[in-house]
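Take a moment to turn the model around before reading on.

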Amino acid sequence: MELKTNYMGIEIANPLVIAASSISSMIDRIVLAEKTGAGALVIRSLFEEQIQFDALRFEEALSVGSDRFPESLTYLPEIQHAGASDHLYWIEKSRKAVKMPLIASLNAASPGAWTKYAHQLESTGVDGLELNVYAVPTDPTMTGKQIEDQLFEIVEAVVGEVKIPVAVKLSPFYSSIPNVAAELSKRKVSALVLFNRFLQPDIDPQQQSLRSKMPMSKPHEIKLPLRWTALLYGRVACDLVLNTGVHSGLDIAKSILAGATAVQSASALLKNGIPHLSTMLQELDAWMEEHGYARLADFRGKLSQKEIKDPFAFERAQYITLLASQK
Ligand SMILES: Cc1cc2nc3c(=O)[nH]c(=O)nc-3n(C[C@H](O)[C@H](O)[C@H](O)COP(=O)(O)O)c2cc1C
C-alpha cells in the first residue's frame, strides 16, 4: 500500500511520526527509528526555562568565592553561559546522522525568546518547527482571552520569523478549541498537533511528597484527540496531527479515518521498543489491504464529523443514547 503523505508541506514516507520525547536523546535511537521506518521525528523540546535554570546555576558557580576575591570575576570576562548551544549542537548532530525529516520543538517562556530560539533552531537545518506552547496558567488576573491572544501573538511572530513550516502542539484545555484552531490556521500555521499530554504531579500520601514521574499513555487516551480531529477536519486550512494514545496500526487507521494527516507516538515506542513502529506500520498496511484502500487519501476523514450521517455523534456530550440503549 502507498503510505506516503505530506505533513506540514514535507513529504514523509508514512504517517507515523515520533513525538518529542526521550527517544531523541540518543543518536542510536534516532538512527534506529529511521531504520525501522519512522516517517519523521520530532526532537525533544528546547525549554527556555531549562536554559534559564542552568544559566542561574552557572552564575552561582561563577560567583562562588567572588565576595572574597571580587576581581576573580573579571579574570574570566569572556565566559558566558552556553545558552541553547548544547541543544542546537545535538540537533545538528542528529541532522547529520539521518535523512528522514526532523522537526525541532520549542517551549519558550518570555515573548522575545520564542522568535530568538525559533531562529536558532531553524539554523540547524531541521525541516520544520513545532511550538510546544503549553504553560500552566496560574495568574488569576489573566483571562482566557489574554492567554489566547498571547498564543496568537507568539505564533504570528514565529511564523513571520522563520522560513520552515511551523506546527503548534496544543493543549486540550482551551474553552473553544475550534476558535483557537481557526485563529491559528489564519496565521499560516502548517499543522496543529492534537494534543500535548502533560506531566501531572501526583502525591505520595505515605511519604507526603510529590511524585513527578511521567506515566506512559494508555490506548484509550486516543479518544480525546480522535474526537477533536474528527470535529476539525475540513474546517481548518492546515494539517491535523493526532497525538496521544497511538499505540497500534489500527490507532493510525482510526486517526486517519477521523481526518488526521499524520500521527505522533511516543509511549508505545518507549514501552515496546522502537522497532514496534514497523509492527504498527505493517498493521496499518494490512488493515488498508483488508478494506481495499490503496492510499491514505482514500479514507482520510471518512469518519470525520463533516462526512458522517449523524453529525451530532461527535458533539454529543451526555449519556442519553447510551442510557436508552441499556434499558
Ligand atoms: C519521556 C517523555 C518525554 C517527553 N518530552 C516532550 C518534549 O520534550 N516536548 C513535547 O512537546 N512533548 C514531550 N513529551 C510528550 C510527547 O511528545 C507526547 O505528546 C505524549 O507522550 C503523548 O503521546 P503518546 O501517547 O504517544 O505518549 C514527552 C513524553 C514523554 C513520555
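Around the ligand are 21 residues, and those that come nearest are Ala20, Ser45, Ser217, Ala266 and Ser267; a residue is near a molecule if one of its heavy atoms lies within 4 Å of it. Before going further, please keep in mind that this is a predicted model, where local features need pLDDT of at least 70, side-chain atom pairs count only at pLDDT 80 or more, and totals for chains, interfaces and linings use all residues. Residues are numbered from 1 along each chain as its sequence is written, and side-chain values use heavy atoms, with hydrogens and water left out.

The shell around the ligand is made up of seven nonpolar, eleven polar and three charged residues. Here Ala, Val, Leu, Ile, Met, Phe, Trp, Tyr, Cys and Pro count as nonpolar, Asp, Glu, Lys and Arg as charged, and the others, Gly among them, as polar.

Next, look at polar contacts (pairs of N or O atoms within 3.5 Å; within protein, one must be able to donate a hydrogen and the other to accept it, and residues adjacent in sequence count only if both atoms are side-chain atoms). Serine 217 has a side-chain N or O atom 2.5 Å from an oxygen atom of the ligand. For alanine 20, a polar backbone atom is 2.6 Å from a ligand oxygen, while asparagine 132 places a polar side-chain atom 3.1 Å from an oxygen atom of the ligand. On its own the ligand has 610 Å² of accessible area, and the protein covers 89% of that (areas come from the Shrake-Rupley method with a 1.4 Å probe; for residues, only the protein chains shown count as cover).

Now find serine 267, which sits in helix α10 (residues 267–272); helices (H or I, at least four residues) and strands (E, at least two) are DSSP runs, numbered from the N terminus. Is serine 267 buried or exposed? Its relative accessible area is 11%, so serine 267 is buried, a word that means under 20%, with exposed over 50% and partly exposed in between (1.4 Å probe, protein chains only). A polar atom of the serine 267 side chain lies 2.8 Å from the backbone nitrogen of serine 217.

Finally, step back to the whole protein chain, with its twelve helices and 13 strands. Of its 327 residues, 46% are buried.
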